[in-house]
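Colleague: Could you walk me through this model, starting with how the helices sit?

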Amino acid sequence: MSWIYSSSVRVGNGYDVHVLEEGLPMWLCGVRIPSAKGFVAHSDGDVAIHALCDAILGAAALGDIGKFFPDSDPEYKGIDSKKLLSKVTALINDKELNGGKRYRIGNVDITIALQEPKLRPHIETMRETLASVMGIGKDQVSVKATTTERLGFVGRGEGCEVWATATIISKRPLFHK
Ligand code: MG
C-alpha cells in the first residue's frame, strides 16, 4: 500500500540592507565573521538571516519580519537572529496561520554583497548553521557571496546587501492504494 500525495510548492524572495560601522560585531548566516566593522541594528544585525526570514514568510504570504518581530519591541533588542529564523520556520508549519496547510522549507538560496572581508572561508559553516536552525539538510541551503567591485555603498564598505529566495512545500495525503 502506498499513499498518493498532493504537494504544492511556493516561492518567496527577501531583501535587506544593514549599515556597517567600526567596532561592531559582524554576524552573517548565524556565523560570527572576524571583521573590523559590523552591523548597526536592533537585533544582532544578521542581515542575511533577515532577508532569508522575509523570503520564507513571503513564500507563505504571511507578511514580513517586521510584522512578527518589530524593532520597536525591547524583547528583540540584541536578539540572536537564529531565534527569529527558528520562529519563522515554526510559523510556516502552523496550520492555523496557513489555511490548514503545514509548510516545510524546500530549499533556500542567499546572495550576500559585501566588499570585505572575503566570506568564502565561512560559506560551509554558514550553510551548516542555517540548515541546522531550519531543520533541513545542508544540500537544501545555498549561500553565495560577491563584492560589487568597489562600486556603490557596498563597494565603499558602508553597508551590506542581501537577497534571498526560498521555496516552501506542503504535502498532504490524498488517498492510498
Ligand atoms: Mg534587518
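Colleague: Which strands does helix 1 lie across?
Modeller: Helix 1 (residues 47–59) lies across strand 1 (3–22), strand 4, strand 5 and strand 7 (159–176), and it runs at about 150° to strand 1. Helices (H or I, at least four residues) and strands (E, at least two) are DSSP runs numbered from the N terminus, while angles run from 0 to 180 degrees between the N-to-C directions of axes fitted to C-alpha atoms, for helices over the stretch in contact. This is a predicted model, where local features need pLDDT of at least 70 and side-chain atom pairs 80 or more, but totals for chains, interfaces and linings use all residues. Residues are numbered from 1 along each chain as its sequence is written, and side-chain values use heavy atoms, without hydrogens and water.

Colleague: And what is the strand order in the sheet?
Modeller: The five strands form an open sheet in the order 4-1-7-5-6, with mixed pairing (two strands pair if DSSP finds at least two bridges between them). Strand 4 (37–40) and strand 6 (141–146) each have a single partner strand, so one side of each edge strand has no neighbour in the sheet. On average, neighbouring strands are turned by 25° against each other, direction ignored.

Colleague: How many bridges join strand 5 and strand 6?
Modeller: Strand 5 (residues 103–113) pairs with strand 6 in the parallel sense over six bridges, and T111 stands opposite K144 in strand 6.

Colleague: Switching topic, at what angle do helix 3 and helix 4 cross?
Modeller: The axes of helix 3 (residues 81–92) and helix 4 (residues 123–134) cross at roughly 45° and come within 8 Å. That makes helix 3 oblique to helix 4 (under 35 degrees counts as roughly parallel, over 145 as roughly antiparallel, 65 to 115 as roughly perpendicular, and the rest as oblique).

Colleague: Which residues make that contact?
Modeller: K82, L85, S86 and T89 of helix 3 meet T129, L130, V133 and M134 of helix 4, where contact means heavy atoms within 4.5 Å.
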